[in-house]
Amino acid sequence: MGKKVKKEVEPPPKDVFDPLLIESKTAATVVLMLSSPENEVLAKACDALYKFASKGDENKVTLLGLGAVEPLYKLISHEDPIVRRNAIMVFGIMASNHDVKKLLRELDVTSSLISQLAPEEDVVIHEFATLCLAHMAVEYTTKVQIFEQGGLEPLIRLLGSPDPDVKKNSVECIYLLVQEFSDLHAEALAVLGNYLEDVHALQLIQQTGGLKKLLSFIGVSTVPDIQKNAAKAITKAAYDSENRKILNEEEVEKYLINLLETDNDEVKVAASQAISAMCENLASKHAFGLQGIPQLVQLLSSDNEEVKEAAVTALANLTAASPRNARAVAEAEGIKPLVNTLNAQRDGAIANAATVLTNLAMQEPFRINIQSHGIMSVLAEPLRSTSSQVQSKAAFTVAAFGCDADARNELRNAGGLRPLVELLCSKNEEVRRNACWAVMVCASDELTAGELCRLDALDILEEINLSTGRKNNFSEAALEKLLDNNLSRKYSQMGYLSSSNIITDGFYDCGQIKPGEKFLSLEELSMQELTDRRAVIFINAKPQEDLEVEKAQDSSYEQAILSPSISRKGSREKARKSKGKKEEEKSKEVIQITPKVQDEIKLENSQWLPPPDFILLDYINNASKIILPLTTTREQVVALAQGIIEAIDPGIHWNRLVADKMGGPIERDKLHDFSWELHISEIEFELKCNVVPIGKVKKGTFYHRALLFKVIADRIGIGCSLVRGKYNRAWNEVKLVDDSPQGIAGLLLPPHEYIVDLMFAPGFLIKQGSAEADQYKNI
């Protein structure tokens, strides 16, 4: 054999010989040593035979002729791990010979070899046991034995071995086990899929040609179980980014697209799921978009709910951040079936349909198309779902489509605002965030914002924003948006309106609301009994159709306030009466007209509307004529401030002082003598109501004048804010650019903020941050 085999035998502890050195130069002698009772002799013998067999096929045949296979077979299950290891090493080398493999099959060694694949065994045992099995697996009968004896699963598990030789042998064996062996394909693929998540295992399978073989099952086989399990194996492998690259290199996309056209629903589901997983790879997403989207769209009409869910999930992944694929869905006429899928039975289908529609909505033509299918009406039901997944996606979709006024109206009319507001209370963070987002978008018009407020959205959002754990960026933005479209409440709660908060008709100032106090509507306030509380000042400068009678305005105010249910229509009818009629006659006419108007209102089922303030309308009209022609904003601000103090009757010049309008300028040391409270009380008593139109105020303090300034400034395009202070203080802030320093023409200076004096020196501009400004706010 070329090398002596030496063995030192240790005698028993008593009456023993000295260690005996055993040497042999012939293979026959070493084969005889395989029957020794001594473990060390067995280990040495097996090691010698391994080296002998490694030198060539001729030596393997020699050992076969010497009868070495049978005793070696017994040793592969020996209790001593070294003996067992060395014996398996010999088997691994000898199994490459055809005659040896034949004898190994007769001895049925596969079961013993498979038992050596346990995780706790030595890596060398793993290496040579898998090598032996790989040599034997080329024969059909051995494949059957290995599979029936449970060899496939431990072989696949060894794909995760740190030893490259173990991996290589395992991959080769697995490849041989499944090659055109159709009755094992489905089961083999099912087990193989569990281990393809490891990128190294997939690389080895690719290198040995096994991956192409795996894909060929999809392209060639017509057995549904094989197709299904092959697709599932791809799905599991595709969870790893490196695996996705490998699969893309093998053009896995075309195989999966073909599976979508099979007649088996389970195969369609598995293929759709594999497409979803592969979409993380951009090249794959592009490939599927070119060919697979029409097939997936067709599956949305399937009667099988699982197929429908898998298909729409794939579309959700395909259209994510992909305008090209979104366009392909629309071109495949996918919009209508997607909207229909919002009524599906499975939560996953509904949620992903909402996602796809949201992805399409990023392109305006598709958004308009989707809206034409009544998506907001359909979304009302998913918003009521008990599934947090559906709730979240539905709210997100509302946010995507709520930018359109018609869509908001549709959602409101479908009753979708109530469940949306209820989602603000969700314990699920994503649901709550998306609901806040949707509320923020839907609050873009006063009507929808008003309905949201009626459903307590403001109160809920305020509560959310008080919690550090529940608030989010959208909750704060939603609250601000709601208040921006409910300026009366915003000013009451926050005491501030910015220059972008344009006061419109219907606004009212009911004072600073206390924490926890219910904010009442103007109608509710008008229905209250007369009290000594601060008057509510409201704005309603509705256009006047006929100005024939000026004095009729005051009586129309009185009658409208006394009868809050009178609509604008009734008030206007009273304003049209002839100029020459006496006051007594006008009173009679009012009494006669009122029941008719109320009957009309009942017939029309009209909502309560505040009476028009024609005096305010005159202020605005006259201000437009006088203020707008002025060339600079500074001149306009000063003139408006002076004009408010001199607020005029219709038809006379703006700059003419009328002392009974807002009371004129007040000396600082006589501010306490300015009896504006009595004047307001008299108006309330006259109207028998706490609600007072600002046009009726002829002695106004800081907050009356500041409100009037803001109202008129907003109507004629002068930007200014309204700030509430303490002790009935309020003021307006404007931003103006000062003149360039002398000698520096054309220098663009940043604007400065000024407070507009409306009390002491009307029109005087006080620079913000100065001592004078602090004095104006606090005195």
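At what angle do helix H6 (residues 98-107) and helix H8 (residues 123-136) pack? In this predicted model, local features require a pLDDT of at least 70 and side-chain atom pairs a pLDDT of 80 or more, whereas totals for chains, interfaces and linings use all residues. Residues are numbered from 1 along each chain as its sequence is written, and side-chain values use heavy atoms, without hydrogens and water.

The axes of H6 and H8 lie 10 Å apart at an angle of about 100°; the two helices are therefore roughly perpendicular (65 to 115 degrees). Helices are DSSP runs of H or I with at least four residues, numbered from the N terminus. Axes are lines fitted to C-alpha atoms over the stretch in contact, with angles from 0 to 180 degrees between N-to-C directions. Lys101, Leu104 and Arg105 of H6 meet Cys132, His135 and Met136 of H8, with contact meaning heavy atoms within 4.5 Å.

The protein chain averages 84, and 82% of the residues score at least 70. Residues 12-24 stay under 50, with 22 contacts beyond four places in sequence; residues 647-660 also stay under 50, with 34 such contacts. Where pLDDT is low, the predicted coordinates should not be read in detail.

Methods. pLDDT = per-residue confidence, 0-100. Parallel < 35°, antiparallel > 145°, perpendicular 65-115°, else oblique.
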